[in-house]
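Hello,

Here is the structure for your files.

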Amino acid sequence: MTLTMENQNSSKLKSIFLPFLSTSHIIPLVDMARLFALHDVEVTIITTKYNSTIFQNSIDLDSSRGRSITTHIIDFPSSKLGLPIGIESFNVNTPREMIPKIYTAIFILQPEIEHLFNVLKPDFIVTDMFYPWTVEVAEKLGIPRIMFHGASYLARSAAHAVEQYAPHLKTQSDTEKFVIPNLPDELMMTRLQLPDWLRSHNQYTDLMKVIKESERKSFGSVFNSFYELESDYFDHYKRVMGTKSWGLGPVSLWVNQDDSDKAARGYSKEEEEEKEEGWLKWLNSKPECSVLYVSFGSMNKFPFLQLVEIAHALEDSGHNFIWVVRKNEENEESDVFLEEFEKRVRESEKGYLIWGWAPQLLILENQAIGGLVSHCGWNTVVESVNVGLPTVTWPLFAEHFFNEKLVVDVLRIGVSVGAKEWRNWNEFGSEVVKREDIGNAIGLMMNGGEEEIGMRKRAKELSVAAKKAVQVGGSSYNNMVELIQELKSIKLAKVQA
Ligand code: UDP
């Protein structure tokens, strides 16, 4: 079919991206939005003022490159709800009593967002899983809704299997192991490692049901993953859900090619505390593959006793380390301890503490980094794979325990510290992993044994696969092209109708 000039112009796709109000959901979805802009799609990201500070630097960079991407700011109803200015998201420092108010705010914003969809007339929308209502809005507008999942295909498949077969109800205790049924691999877990909403019924269980229904009614879903990373689970997930899905990852690798992108990413001016040059100078003074990168993502908090165990384990390991830590408003003792620890390890030149936000992409690609100690947040798993590094896995909340299974049991690029208990993201948790267990896992990853050699080899192979996935002809590249083609055909069919 030959396109007329008018058809060609109107074939440029117009999209809206709607990230959830939490840093770890915003970062990958904004990277994805930028990826669509890179592929000549017109992109508008809808968010509130303070959430936009997390990524606006990246959008400005992309705009200066001539890409069609903008942020549309909506007012967060702080005063209506008696919320302090600037509290607009679910983050580690969000005071507990304010969490329900933020949910209310999201509810209040719904009509305004719906109105914006009407006014901006996108050809399709990509919305976070936590906005299931957008599928109905899209239906009314006659446009596809694509749902963004912040997790891995393995994690979603495992959660689905637990919901369906309830294997945890057949065990005698919270600590007895069971196999998650009907998955491509034999993955074992305990009841205590399951998210609370899967262990027993709560409000979140209902929400997850609504989300799943909305996914089934959506045009499809997109993940920050790539086929070669979890091919069996990608196929399995599509089969059991009966939906279309596209792995478009690693998004951070694809869209943040320059150092300016990597430095800008996720970096909020609000958290400007770290003297930027310090860590880089320190890292550059260290031998290749000698430094541990210790970070537990954007949401973690640990009880004082756990911080003490981590600190001792790191110091006793004898390896160099960068540890990303946070001020803890609820426990001054922790801050004092960490400050003293920081002084000591700076003097010995063994360790470097970054307070607040670390430029993770830049740090991970530094040749001095030899491995991670990580909570298995999905984005960090993908980012560790990008750079071909092994991980000491220490799952905490959300779907981290499932991700650990992928890293340790399926891909065999990690060693577990042996965390036993899932907690909520806003809780300190009661489990304290002992310094010996942390130390043993670090030893297996860093002391040059056979296990380490195998892990490094596999991690390097995955890194090569990650890079190929986003190049012309690679799996994620092809997925992107296919998805855009499908969306264009839908648009064209509407224009011609
Ligand atoms: N991140 C970062 N610096 C930090 C903490 C996190 O750049 O100090 C980025 C990290 O690169 C990743 C995301 O924030 O892209 C965290 O997502 P992840 O899924 O790993 O963990 P979560 O924050 O959801 O627990």
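Predicted model: local features only at pLDDT ≥ 70, side-chain atom pairs only at ≥ 80, totals over all residues.

Residues are numbered from 1 along each chain as its sequence is written.

Seven strands form an open, parallel sheet in the order β3-β2-β1-β4-β5-β8-β9. Strands are DSSP runs of E with at least two residues, helices are runs of H or I with at least four, and both are numbered from the N terminus; two strands pair if DSSP finds at least two bridges between them. At the edges, β3 (69-74) and β9 (245-247) each pair on one side only. Strand β8 (residues 220-223) is joined to β9 by three parallel bridges, and Phe223 stands opposite Gly247 in β9.

In helix α4 (residues 56-64), Ser58, Ile59 and Asp62 are buried (20 or more other C-beta atoms within 10 Å of the residue's own, with C-beta atoms placed from the backbone). They lie on the same side of α4 because they cover an arc of only 100 degrees around the axis, taken from the directions from the helix axis to the C-beta atoms. Just after α4, Gly66 has a positive phi of about 90 degrees.

Around the ligand are 17 residues, with Ser24, Gly297, Ser298, Gly377 and Thr380 the closest (a residue counts if its C-beta atom, placed from the backbone, lies within 6 Å). Two or more shell residues come from each of α2 (23-38) and α18 (378-386); α18 gives the largest share, four residues.

Regards

How values were computed:
Buried ≥ 20, exposed ≤ 12 C-beta atoms within 10 Å, placed from the backbone.
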